[in-house]
2 protein chains.
Amino acid sequence: MSFPKFYIGVDLGATTVKSGVVDSEGKIVAHFKVPTEGNLGPETVINNIRLSIETLLHQVEGNSVSGIGVGAPGIVSSDGCVKSPPNLKYWDNIPLRDELQKIFNYNIAVENDANAAAIAEAKFGAGVGIRDFLFVTWGTGVGGGIIMDGKIYRGPSGGAGEFGHTTINYNGPLCNCGSRGCIESYVGQKYLSQRARLLIQKNNIPSKIEELVEGNLDVIEPHIIAKAAEVGDEIAREILEESGQLFGFALASIVNLFDIEYIIIGGGISAAPPFVFQAIEQGISSRVLKPHKFSVKVFRAALGNDAGIIGAASLVM
Amino acid sequence: MSFPKFYIGVDLGATTVKSGVVDSEGKIVAHFKVPTEGNLGPETVINNIRLSIETLLHQVEGNSVSGIGVGAPGIVSSDGCVKSPPNLKYWDNIPLRDELQKIFNYNIAVENDANAAAIAEAKFGAGVGIRDFLFVTWGTGVGGGIIMDGKIYRGPSGGAGEFGHTTINYNGPLCNCGSRGCIESYVGQKYLSQRARLLIQKNNIPSKIEELVEGNLDVIEPHIIAKAAEVGDEIAREILEESGQLFGFALASIVNLFDIEYIIIGGGISAAPPFVFQAIEQGISSRVLKPHKFSVKVFRAALGNDAGIIGAASLVM
């Protein structure tokens, strides 16, 4: 007789540490959530991860847990060091895996969060049965992961998959990364909310976006614009059509160079209405080389917000 | 006692079919050259390839030849069909391998020309000992090939490596491929000669470029500008510094996404003075994510103009 196996997945986000117990079919059977407190430095953040894991271990009685996986922002080396995550303060190069291994006597793996989500989509989501695909996330920021031959492609320093810093205009807006015109600087939270504010203030028609953020135009996120577009808001539609097309332009460069056939799009935008995906597809096909025009297939990620936790847990399956 | 083995390599270019007999150390022991006559359609072009191969077989007495490789422009499928090469007329999708196999009873392989050159650099050139690198060519056009785990990465349709159509400005100049702002549209022959003409006509100082093309500003090629820069021509230097930097910007997007550590640059520009490579490196490091800033290494291709023939021959080694 064999007992069911469980895995703990931790999704280390800029604002929240989301975690869960995941079964071997990729179903989350228990959830936990705690603020990241990323501005207080690595020690506090690691303590919040520890708290999450301890709470979940307690919930499922530790002995049925087969491993712990963590998805972290930034570049993660193959030995689980997390380098320069954009939104965690005082965090240069922290050996997160080793730090957690000191505390927990379990098999532990640490991976870039978008890579973890890509693995989750490959194992349990929209990528089941597809051997090679590019997974991209479009939410507060833009990221991605490359699945090649069924496995994550990490590259020599573990940094592969950073789709957000593909340039679409070398003279474009300054990006958080220090470069200019990266796709993230065109369709990330910062840019989209500026664009929304501009259009809302210019137009006299009321926008559903304003209503959804209760007038606070500083907290506009892609998923809010998507929600407004869903109920027919014109400004939201205009913004998402524009930025969907630009997103497609950035993908086109990558399709040309790497001959990519399948693209899976996750993050907050994965809940957006179909016209956004059509705009992305149109952006791609208008800019790729002739032989790719009708061969590229774009899918919506299947695991939504749970991809982070499931992906992290997948690392130790 | 074993006899030395020889391989025939054919480099199918837009204007010339260059071919040669290559030994197993990558040395060319016999050369042949004939115009491509690409404007006369596939039948004529194939006949010119046939003529090249027959001439070389005759020269080395066919029985010591172990195979024939052809590098062709455009996307080449794994069964040797050549799709839509940009400068060959009436050429849609030709099964070049099968056509040659009907004529010659040898092992025959057909591959994209930049891929073949990448293989040559991996086997006999600047890529010896490097398992993963991006090979890019900068000449009349811009192309490339991806070496991964010591082998060429072709992608699902055989089109991988088309670096020339990486966008650096989605509103940039119209490219031959139909898209806008591809790096080829900024640093390819067409753009560079326009830029040179503009600067020559604007300035009153005489330029070495003008002298090298004997006053005919329509035939300016990157290698000509490189030659002028070498003897200190200011206009040439300005153009190559500008475009080297842009070339670096395009490479930066790719480094970010694929975490590429080694880049080998071939084509006409591989004979350019060191400052061009410094401009490329500066372009890359100013635009890549922090962890890549000091890790990317740029090399000059080692095989120069012979890479096409040696690469084609390598296909059957």
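User: What should I know about the numbering and the cut-offs?
Analyst: Residues are numbered from 1 along each chain as its sequence is written, and chains are lettered from A and ligands numbered from 1 in the order in which they are written. Because the model is predicted, local features need pLDDT of at least 70, side-chain atom pairs count only at pLDDT 80 or more, and totals for chains, interfaces and linings use all residues, while side-chain values use heavy atoms, with hydrogens and water left out.

User: At what angle do α8(A) and α8(B) pack?
Analyst: Helix α8 of chain A (residues 234-258) and α8(B) pack at about 80 degrees, with their axes 11 Å apart. That makes α8(A) roughly perpendicular to α8(B). Angles of 65 to 115 degrees count as roughly perpendicular, under 35 as roughly parallel, over 145 as roughly antiparallel, and the rest as oblique. The axes are lines fitted to C-alpha atoms, for helices over the stretch in contact, and angles run from 0 to 180 degrees between N-to-C directions. Helices (H or I, at least four residues) and strands (E, at least two) are DSSP runs, numbered from the N terminus.

User: Which residues meet there?
Analyst: A:I254, A:L257 and A:F258 in α8(A) meet B:I254, B:L257 and B:F258 in α8(B). By class, this contact has six nonpolar, no polar and no charged residues. Nonpolar covers Ala, Val, Leu, Ile, Met, Phe, Trp, Tyr, Cys and Pro; charged covers Asp, Glu, Lys and Arg; the others, Gly among them, count as polar.

User: Within chain B, how do α7 and α8 cross?
Analyst: The axes of α7(B) (residues 222-230) and α8(B) (residues 234-258) come within 8 Å and cross at roughly 120 degrees. That makes α7(B) oblique to α8(B). From α7(B), the residues B:I225, B:A226, B:A228 and B:A229 meet B:A236, B:R237, B:I239 and B:L240 of α8(B). The residues of this contact divide into seven nonpolar, no polar and one charged.

User: Is B:A226 buried or exposed?
Analyst: B:A226 counts as buried, at 2% relative accessibility. Buried means under 20% relative accessible area, exposed over 50%, and partly exposed in between (1.4 Å probe, protein chains only). Not counting residues up to four places away in sequence, B:A226 touches B:L240, B:A272 and B:P273.

User: Where does B:W138 lie?
Analyst: B:W138 lies in strand β9 (residues 133-138) of chain B, and is buried with a relative accessible area of 0%. Its C-alpha is 7.8 Å from that of B:S270, although these residues are 132 apart along the chain.

User: Changing topic, what phi does A:D149 have?
Analyst: A:D149 has a positive phi of about 55 degrees although it is not a glycine. A:D149 is found in the loop between β10 (142-148) and β11 (151-153) of chain A, and counts as partly exposed at 43% relative accessibility.

Methods:
Contact = heavy atoms within 4.5 Å.
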